[in-house]
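Here is a report on a protein model, written for a first look. Please keep the sequence and the structure open beside the text as you read.

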There are 2 protein chains.
Amino acid sequence: VKRVLLACIVVACLSGFQDQNSRTLQELVAVEKASMDGWQKGDSGPALAVSAPDITMFHVMTRQRLEGRSAVQALYAGYSGRPLFDSYRIDAPKVQASGEMAVLTYVLVTRNAENAQKWNATQVYQRSKGVWALIHSHFSQIQQ
Amino acid sequence: VKRVLLACIVVACLSGFQDQNSRTLQELVAVEKASMDGWQKGDSGPALAVSAPDITMFHVMTRQRLEGRSAVQALYAGYSGRPLFDSYRIDAPKVQASGEMAVLTYVLVTRNAENAQKWNATQVYQRSKGVWALIHSHFSQIQQ
């Protein structure tokens, strides 16, 4: 009986972890989609809103790591007002989480007319009072 | 007196965080250096040893996210036995940490004869029983 109980507890804990991880995945994919929906309209607002004050970012158009939301805002200013792509797709999203921190990775497929581009995306989030903020962002283009 | 005490506590806490953060930075840079020292000799051992069983990796030579240490090991097999570079430098390392998870970012400068290459590096570590393991890795080349 003890062993059965122990096995039940282990299974319950594991499925609890599983649920927690899939909830985090859902939450973070929703955040990413809000940002990408913004970019699809040329609106940097959602992407900026989710950026933590102390965000760091590697961006293909800059040669140094960006540090802080104001640096990101300055970069985004150059992209505002025009749609970044006609459509996009978030492929194979995955979360690795521990405590209040989570790494979301996925492949972003963007499409402009007939041209598709693929990007490796690493987005690190930190949760404070139940709200996720982006603390590090790294996109790199996949050579095709 | 209360205010002075409160200020002292705040300063003590902040410097505590500071110390903790700089210790984590030192530890993770040491881990990275061990891996890079290995690559400089064509030895993938140190890089593989620090990889978590459930590591994920974006690598310039693969078109999909690698998942798990055995996938990373298979990739590394192709690089073993020959030095990856003559020398390297870890520039501007920075840590963002929360609980048992930490993101180390830096710019890796590698040199072969007179050719230098620069890479944006995002390395996510998780600590278990005091030991750091790499759970996500994303390097991308900086266009020069």
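In this predicted model, six strands of chain B build an open sheet with mixed pairing, in the order S2-S1-S6-S5-S4-S3. Strands here are DSSP runs (E, at least two residues) and helices are runs of H or I (at least four), numbered from the N terminus; two strands pair if DSSP finds at least two bridges between them. At the edges lie strand S2 (66-67) and S3 of chain B, each pairing on one side only. S5(B) and S6(B) run antiparallel and are joined by ten bridges. Tyr125(B) stands opposite Leu134(B) in S6(B).

Now for the meeting of the two chains. Contact (heavy atoms within 4.5 Å) links 32 residues of chain B with 32 residues of chain A.

| Interface of chain B and chain A | Value |
|---|---|
| Area buried | about 2,500 Å² |
| Share of that area from carbon and sulfur atoms | 53% |
| Salt bridges | two |

Buried area is the accessible area (1.4 Å probe) that two parts lose on being put together, summed over both. A salt bridge needs a side-chain nitrogen of Lys or Arg within 4 Å of a carboxyl oxygen of Asp or Glu. One such bridge joins Lys94(B) to Glu67(A), at 2.9 Å from N to O. Among the elements giving two or more residues to this side of chain B are strand S3 (87-98) and strand S4 (101-112).

Residues are numbered from 1 along each chain as its sequence is written, and chains are lettered from A in the order in which they are written. Local features need pLDDT of at least 70, side-chain atom pairs count only at pLDDT 80 or more, totals for chains, interfaces and linings use all residues, and side-chain values use heavy atoms, without hydrogens and water.
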